[in-house]
Amino acid sequence: MKQTTPSADRNMDVVRDRLVDLIPKEARDLLEISSGTGQHGAHCAPVMQNLRWWPTEHDAARMTSIAAYVADCSSGNFMAAQQLDVMDEDWPTAVQPETADVILNINMIHITPWAACAGLLKGSGHKLAAGGLLILYGPFRQRDVETVSSNEAFDVWLKDQNTDYGLRYLEDVAEEAAKHNLLLTAVEAVPANNLMVVFKRNDA
Ligand SMILES: C[S@@+](CC[C@H](N)C(=O)[O-])C[C@H]1O[C@@H](n2cnc3c(N)ncnc32)[C@H](O)[C@@H]1O
C-alpha cells in the first residue's frame with residue numbers, strides 16, 4: 001500500500017524542480033538510494049522521461065510502498081524497487097543498472113550511522129559512470145555557517161534516537177567523497193534550511 005511522509009510531501013516539488021535543472025539531458029539512469037515511501041520517484045519520473053528512475057530501499061516494509069507507486073505510475077520509466085543496504089560492501093554490483101549516470105540520496109545520512117554515509121560515498125565512486133553525479137538532499141552543518149536553531153534542535157532529537165545519528169558536516173562528507181574520486185561541484189540552499197549537494201565523479 002502507498003505510504004506518505006510529511007517531509008516527502010513538503011519537499012518533493014523542490015526536489016523535482018532542482019533535479020530537472022541539475023541533471024544533464026543525456027543522463028539515462030538514475031539510481032535512488034533509500035527511496036523511503038517511493039514518493040520522490042513517483043513525482044519525478046514522469047517529468048524526466050529521458051531517464052530511468054531505479055528506486056532502492058533497505059527496509060523491506062517500505063519496499064511494498066515503493067512497489068505500489070511503481071505499479072500506479074504510467075510513465076514507464078519508474079523501475080521496480082530493489083533492496084539495497086549501503087553498508088553492504090557489494091551494493092554497487094548487486095543492483096541494476098550496471099552503471100548510474102546519477103545517484104540520488106534524500107534525507108538519509110543524518111539518520112544513519114556515519115558508516116552508512118561512508119558506504120554511500122564509496123559505493124557511488126564505483127557505481128557512477130565517468131562524469132556521473134551524486135546528489136544529496138538534506139540538513140547539514142557547515143563549519144563557516146551558523147546552524148539555525150531548528151536544525152540544532154533536530155540534531156538533539158536525532159542523537160536521542162541514536163548517538164551515532166546527527167547532522168553531518170558538509171566538509172567531512174566532501175573529504176570522504178574525495179577519497180572515492182567524487183568532487184564537490186555545487187551546494188544549493190533549498191527551503192527549510194536544507195541543502196542540495198552535488199558531487200561529480202572526477203575522471204580527469
Ligand atoms: C528519513 S528516511 C528518508 C526516505 C526518503 N529518501 C525520503 O526522503 O522520504 C531515511 C531512509 O534511509 C533508509 N536507510 C536506513 N539505513 C539504510 C542503509 N543502511 N542503507 C540504505 N538505506 C537505509 C531507511 O530505510 C529510510 O527509508
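**A helix, a core and a ligand shell**

Among the elements that cover the buried residues of helix α3 are α2 (39-44) and β2 (52-57). The model described here is predicted. The buried residues of α3 are R62, S65, I66 and Y69. These four residues lie on the same side of α3, because the arc that they cover around the axis is only 100°. The face of α3 turned away from its buried side carries A60, A61 and A71, which are exposed.

The length of α3 may also be examined. The helix comprises 13 residues, 60-72, and at 1.5 Å a residue it should span 18 Å. Its end C-alpha atoms are 19 Å apart, which agrees with that expectation.

The discussion now turns to the interior. In soluble globular proteins, nonpolar side chains tend to be buried together. In this model, the largest nonpolar core has 45 residues. The members that touch the most other members are L30, W53, V102, I103, L120, L134 and I135. Strand β5, formed by residues 128-138, gives the most to this core, with six residues. Leaving aside residues up to four places away in sequence, I103 touches L31, I33, S124, K127, L128 and L134.

T99 is found in the loop between α4 (91-94) and β4 (100-106). Is T99 buried, exposed or partly exposed? It counts as partly exposed, because it has 14 C-beta neighbours inside 10 Å, whereas a buried residue would require 20 or more and an exposed one 12 or fewer. When residues up to four places away in sequence are not counted, T99 touches K127, L128 and A129. A8 is 91 residues from T99 along the chain, and the C-alpha atoms of the two are separated by 27 Å.

Another partly exposed residue is D172, with 14 other C-beta atoms within 10 Å. D172 lies in helix α7, which consists of residues 170-178. From D172 to T64 the separation is 108 residues in sequence and 34 Å in space, taken from C-alpha to C-alpha.

The ligand remains to be considered. Which of the 22 residues around the ligand come nearest? They are S34, G36, H58, D59 and I106.

Technical notes:
Residues are numbered from 1 along each chain as its sequence is written. This is a predicted model: local features need pLDDT of at least 70, side-chain atom pairs count only at pLDDT 80 or more; totals for chains, interfaces and linings use all residues. Helices (H or I, at least four residues) and strands (E, at least two) are DSSP runs, numbered from the N terminus. The expected span of a helix is 1.5 Å times one less than its number of residues. The arc is that of the directions from the helix axis to the C-beta atoms. Two residues are in contact if their C-beta atoms, placed from the backbone, lie within 7 Å. A residue is near a molecule or strand if its C-beta atom, placed from the backbone, lies within 6 Å of it. A nonpolar core is a set of buried Ala, Val, Leu, Ile, Met, Phe, Trp, Tyr and Cys residues joined through C-beta atoms within 7 Å.
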